[in-house]
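Subject: A structure for you, with notes

Hello,

Here is the structure I promised to hand over. Please have a look at it first, and then read on for what turned up in it.

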Amino acid sequence: MSYRPLGVMLALAGLLPAAVAHAELPPQLRTMLDAAIASGNDGDIDTLARYLKKASPDDAPEIDHIITDHRKQIAVAKQEKLAHQGVLEGWKGEGQIGASQSSGNTSTVGATVGINLSKEGLRWRHKLNASIDYERTAGITDRNQILGGLESDYKFSDRLFAYGSAQYERNRFAGFDTRVSVSGGIGYRVVAAPTFTLDLKAGPAWRKTDYIGEPSASEITGMTALDALWKATPNLTLSENATSLSGSSNTNLTSLTALSLKVSKALSTRISYQVTFNSNPPEGYKTTDTLTRFTLVYGF
């Protein structure tokens with residue numbers, strides 16, 4: 001008759017937690033794994049764990065158990081932090097400054113500055129952005145565009161959310177003095193992978209445009225939007241933000257594609273290409289504008 005250690009027999013019988021059944025990791029392996037965990041880098045943790053399990057297959061269950069416990073603790077701590085977060089806490093952002101080149105209604109070079117802020121809570125997600133593009137040629141201002149937007153999302157689940165957004169734009173060189181739009185609707189995160197996310201949004205919107213030399217116009221429109229982010233590598237990111245506002249008299253399409261390369265922990269370089277289409281512009285203005293930006297981005 002063979003006898004098993006009491007702890008293992010009790011664990012198999014369900015009298016002790018299953019974790020007791022895990023064999024203790026050898027000190028050398030545990031030291032290396034603890035060092036990777038302390039770094040806070042998931043990529044380093046996964047890489048080391050893969051090699052440790054190849055070197056010591058018998059310890060693979062305990063290695064997985066330690067990593068799973070670590071990530072559960074991180075998730076619980078994050079939820080606890082978000083639950084007690086103040087109004088001014090938890091904001092992240094980036095500021096950018098650089099040069100621009102445009103074609104369409106204008107064909108010049110100039111400067112651009114912008115800021116993006118975001119905050120992720122348990123249920124709420126907020127995004128705020130503002131940018132200014134200013135150009136002069138031969139002492140004459142030929143572009144003075146101001147854009148600002150705010151969006152708040154209420155998350156029903158990890159994927160489904162309701163959104164409310166407002167946007168202000170000033171761009172006399174596109175045929176209007178100011179344009180304001182407000183929208184609300186439903187969004188869904190179609191893809192939620194660690195390196196790739198894709199959100200789709202749709203809902204009704206109200207838009208008011210103060211045209212230059214023409215009467216102001218306001219109308220109810222439909223809004224659809226796509227937001228995609230691909231982290232190709234830890235240092236290289238590609239994003240796409242596309243929006244459509246479609247009404248009975250006019251359709252506006254905007255696409256902003258950006259490629260960012262991180263050169264340090266806080267500093268990145270970025271090239272972006274924006275296309276704006278206006279199906280029914282004022283007389284004398286083109287339907288399509290493009291804007292290429294080369295910027296230096298500081299994250300905080």
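**The cores**

The largest nonpolar core is made of 11 residues: Leu-25, Leu-29, Leu-33, Ala-36, Ile-37, Ile-45, Ala-49, Leu-52, Ile-63, Ile-66 and Ile-67. A nonpolar core here is a set of buried Ala, Val, Leu, Ile, Met, Phe, Trp, Tyr and Cys residues joined through side-chain atoms within 4.5 Å. Buried means under 20% relative accessible area, exposed means over 50%, and partly exposed lies in between (1.4 Å probe, protein chains only). Two or more residues of this core come from each of α2 (27–39), α3 (42–55) and α4 (60–83), and α2 gives the largest share, 4 residues. Helices (H or I, at least four residues) and strands (E, at least two) are DSSP runs, numbered from the N terminus.

Before going further, a word on the model: it is predicted, so local features need pLDDT of at least 70 and side-chain atom pairs count only at pLDDT 80 or more, while totals for chains, interfaces and linings use all residues. Residues are numbered from 1 along each chain as its sequence is written, and side-chain values use heavy atoms, with hydrogens and water left out.

Leaving aside residues up to four places away in sequence, Ile-66 touches Leu-25, Arg-30, Leu-33 and Ile-37, where contact means heavy atoms within 4.5 Å. There is also a second, separate core of 6 residues, among them Tyr-163, Ala-205, Met-223 and Leu-245.

**Helix α4**

The 24 residues of α4 reach 35 Å from first C-alpha to last, close to the 34 Å expected at 1.5 Å a residue; the expected span is 1.5 Å times one less than the number of residues. Which residues of α4 are buried? They are Ala-60, Glu-62, Ile-63, Ile-66, Ile-67, His-70 and Leu-82, and they pack against α2, α3 and β2 (109–120).

**Salt bridges**

The count comes to 17 salt bridges, each one a side-chain nitrogen of Lys or Arg within 4 Å of a carboxyl oxygen of Asp or Glu.

- Arg-293 and Asp-133 meet with 2.8 Å from N to O. Arg-293 lies in strand β12 (residues 288–299) and Asp-133 in strand β3, so the pair ties together parts that are 160 residues apart in sequence. Both Arg-293 and Asp-133 are buried.
- Lys-127 and Glu-151 meet with 3.8 Å from N to O. Because Lys-127 sits in strand β3 and Glu-151 in strand β4 (residues 140–155), this pair ties together parts that are 24 residues apart in sequence. Lys-127 is partly exposed at 28% relative accessible area, whereas Glu-151 is buried at 10%.
- Arg-125 pairs with Glu-120, their closest N and O atoms being 3.3 Å apart. Arg-125 counts as buried at 9% relative accessibility, and Glu-120 as partly exposed at 38%.

Salt bridges with shared partners also join Glu-120, Arg-125, Asp-153 and Lys-155 into one network.

Val-182 is placed in strand β6. Is Val-182 buried, partly exposed or exposed? Its relative accessibility is 40%, so Val-182 counts as partly exposed.

Happy browsing!
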